[in-house]
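Good morning, and thank you for coming. I would ask you to look at the structure with me before we discuss its parts.

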Amino acid sequence: MNGGALVGVVMGSDSDWPVMEAAATALDEFGVPYEADVVSAHRMPHEMIGYGSAAATRGLRVIIAGAGGAAHLPGMLASVTPLPVIGVPVPLAHLDGLDSLLSIVSMPAGIPVATVAVGGARNAGLLAVRILAAGDERLRAEVARFQADLADQVLARDAALQQSLGAAAPEG
């Protein structure tokens with residue numbers, strides 16, 4: 001039914017896609033199948049409840065929900081699914097996404113939503129990969145390689161900095 005998707009990437013409006021696409025890109029990098037949908041908590045509440053309620057039975061294992069403004073989508077989905085939900089505060093023209101961040105992190109007891117930084121959809125995708133990797137040795141090995149690559153990139157940048165500093169150092 002969902003084409004083998006393991007992660008649902010949902011947003012309250014298609015205007016959120018430029019932010020949420022970074023989550024999809026991260027999932028693609030690890031070969032994790034996903035579906036992307038517009039599911040508005042306010043404009044289509046019955047469909048949103050249906051999406052969240054059926055997510056696990058359709059084969060999803062994680063939901064990444066991006067929302068701006070009042071940002072109810074992640075919390076509402078978390079209230080109707082047993083799956084982990086990762087909230088992405090989407091920055092809007094006003095308040096730079098702070099309103100979204102505060103809304104998503106202010107879930108009541110018993111309704112956990114993991115939350116990334118404002119506009120942090122890439123980290124949401126990477127967190128979804130790590131959640132899936134907890135039960136998948138192949139994926140866990142890929143995450144470990146990714147982490148090693150990050151460390152190598154920083155070491156290479158430091159070496160380049162040290163080289164440029166050494167070349168610029170006055171002789172004395």
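Let us begin with S103, which lies in helix α4, residues 98-105; helices (H or I, at least four residues) and strands (E, at least two) are DSSP runs numbered from the N terminus. This is a predicted model, in which local features need pLDDT of at least 70 and side-chain atom pairs count only at pLDDT 80 or more, while totals for chains, interfaces and linings use all residues. Residues are numbered from 1 along each chain as its sequence is written, and side-chain values use heavy atoms, with hydrogens and water left out.

S103 is buried, at a relative accessible area of 18%; buried means under 20%, exposed over 50% and partly exposed in between, with a 1.4 Å probe and protein chains only. Beyond its neighbours within four places in sequence, S103 is in contact (heavy atoms within 4.5 Å) with A70, A71 and H72.

I turn now to the sheet. Its 5 strands form an open sheet in the order β2-β1-β3-β4-β5, with parallel pairing; strands pair if DSSP finds at least two bridges between them. β2 (34-38) and β5 (114-115) stand at the edges with a single partner strand each, so one side of each has no neighbour in the sheet. β4 and β5 pair over 2 bridges in the parallel sense, and I86 stands opposite A114 in β5.
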